[in-house]
Amino acid sequence: MKARSARLNGLGTTIFAEMSAAAARTGAINLGQGFPDTDGPAAVLDAAIAAIRDGRNQYPPGAGVPELRAAIARHQKRWYGLNVDPDAEVVVTTGATEAIAGTLLGLIDPGDEVIVLEPYYDSYVAMIQMAGGVRKPVTLRAPDFRLPIEELRGAVTGNTTAILLNSPHNPTGTVLDAEELAAIASVAIEHDLVVISDEVYEHLTFGVPHIPISTLPGMAERTITISSGGKSFSVTGWKIGWATGPAELIAAVTGAKQFLSYTSGAPFQPAIAAALDFGEDYFTAFRTQMQQQRDQLCAGLTALGFETFIPAGTYFATSDIRPLGFDDGLDFCRRLPELAGVVAIPHQVFYDDVEAGRPLVRWAFCKRPEVISEALVRLSGLATHGR
Ligand SMILES: Cc1ncc(COP(=O)(O)O)c(C=O)c1O
């Protein structure tokens, strides 16, 4: 008998483990998985330590501790002017990953179709599958990775129940603009669809605004917005995320969450609550630092001959490897630790349309400048290897 979970083990869901294991085995610099190599602000770390010492170590409320729910509501008001009821319209989750899982399990019935932007974040595929849903990819294509709105319209059928968005988008770095969001909103309203909006990189846009789709007219009542304390405060291992949205939809997410984790990291919640109230100076410095690292990595990759697409947001940049004489990103990434002592992630495992992603690879720039420099030095030997 074939175990059901075996069907979830597509390449997209195992590539990070494979590449991180390759990094560990070979001592390669890991520009694969998206986690910063510096810890978040000391004040956030200290707040978690204080919470542990204060005895906040038992199961917190399932929906999240009141001070974090209140801080999330304040954050949505402060940054986007959104009114969110902290008691009914917020659920704290074990990372954005669980918010995605809870939303899909809570809202999708078997056979429902979910429109998803591809290349897609790996957990979307697994969770749509676990919910019994069917993914309908709409492809963001190089070189500009913009949303093909007519393709999105064409993807809607009588079975479509949701559009799963990600902006800023991993891995392409696309930040959906006002026009694209308005077009998505009109499709969602016309067909009475729920929008699930993964905004974990909301504070990492470079020179363009992040616009939550829930701020558009008629959208707050049909949108679940997802974010992550790990991404905004460089504590990805804490796994504190959340979903906000209308009470009825959040109740469905909370119901699913109850049987996924029941509750999430007690002492980390007050620490993330404190962080969400940081002044603008923190967020500006965070974004500026990441933008410098983006510029360093992209300039370096371009100088080495990679066609590199400058991302407007996230931790990630994408290159086309063909100018260096390679043509298959998966093969390239599997050989890269030995060839150059660097790990990257192939795009193609995040597409149904494998050809659209075949020559593309993703590099994480949430790494210290000296690490990025060393990676670029190592990659400079590549030109001589070719295929
Ligand atoms: C687009 C996207 N969504 C969700 C997540 C997961 O976030 P978390 O670590 O909070 O579960 C990530 C992490 O890489 C991501 O890139």
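Reply: Start with the core. The largest nonpolar core has 95 residues. A nonpolar core here is a set of buried Ala, Val, Leu, Ile, Met, Phe, Trp, Tyr and Cys residues joined through side-chain atoms within 4.5 Å. Buried means under 20% relative accessible area, exposed means over 50%, and partly exposed lies in between (1.4 Å probe, protein chains only). Phe332 and Trp363 have the most contacts inside this core. Helix H11, residues 280-303, gives the most to it, with 7 residues. Helices (H or I, at least four residues) and strands (E, at least two) are DSSP runs, numbered from the N terminus. A second, separate core has 25 residues, including Ile115, Leu176, Leu181 and Ile213. In soluble globular proteins, nonpolar side chains tend to be buried together.

A word on the basis. This is a predicted model: local features need pLDDT of at least 70, side-chain atom pairs count only at pLDDT 80 or more, and totals for chains, interfaces and linings use all residues. Residues are numbered from 1 along each chain as its sequence is written, and side-chain values use heavy atoms, with hydrogens and water left out.

Now the charged pairs. A search of the whole structure finds 18 salt bridges. Each is a side-chain nitrogen of Lys or Arg within 4 Å of a carboxyl oxygen of Asp or Glu.

Take Asp37 and Arg368. Their closest N and O atoms are 3.3 Å apart. This pair links distant parts of the chain, 331 residues apart. Asp37 sits in the loop between strand S1 (29-30) and helix H2 (42-53). Arg368 sits in the loop between strand S13 (360-364) and helix H14 (369-379). Asp37 has 26% relative accessibility, so it counts as partly exposed. Arg368, at 34%, is also partly exposed. Glu370 joins Asp37 and Arg368 in a network of salt bridges.

Next, Arg141 and Asp353. This salt bridge has its closest N and O atoms 3.2 Å apart. The two partners are 212 residues apart. Arg141 lies in the loop between strand S4 (134-139) and helix H6 (149-155). Asp353 lies in the loop between strand S12 (345-346) and helix H13 (354-357). Arg141 is partly exposed at 38% relative accessibility. Asp353 is partly exposed at 27%.

Last, Arg56 and Glu67. Here the closest N and O atoms of the salt bridge are 2.9 Å apart. The partners are 11 residues apart: Arg56 in the loop between H2 and helix H3 (66-80), Glu67 in helix H3. Arg56 is partly exposed at 30% relative accessibility, and Glu67 is partly exposed at 33%.
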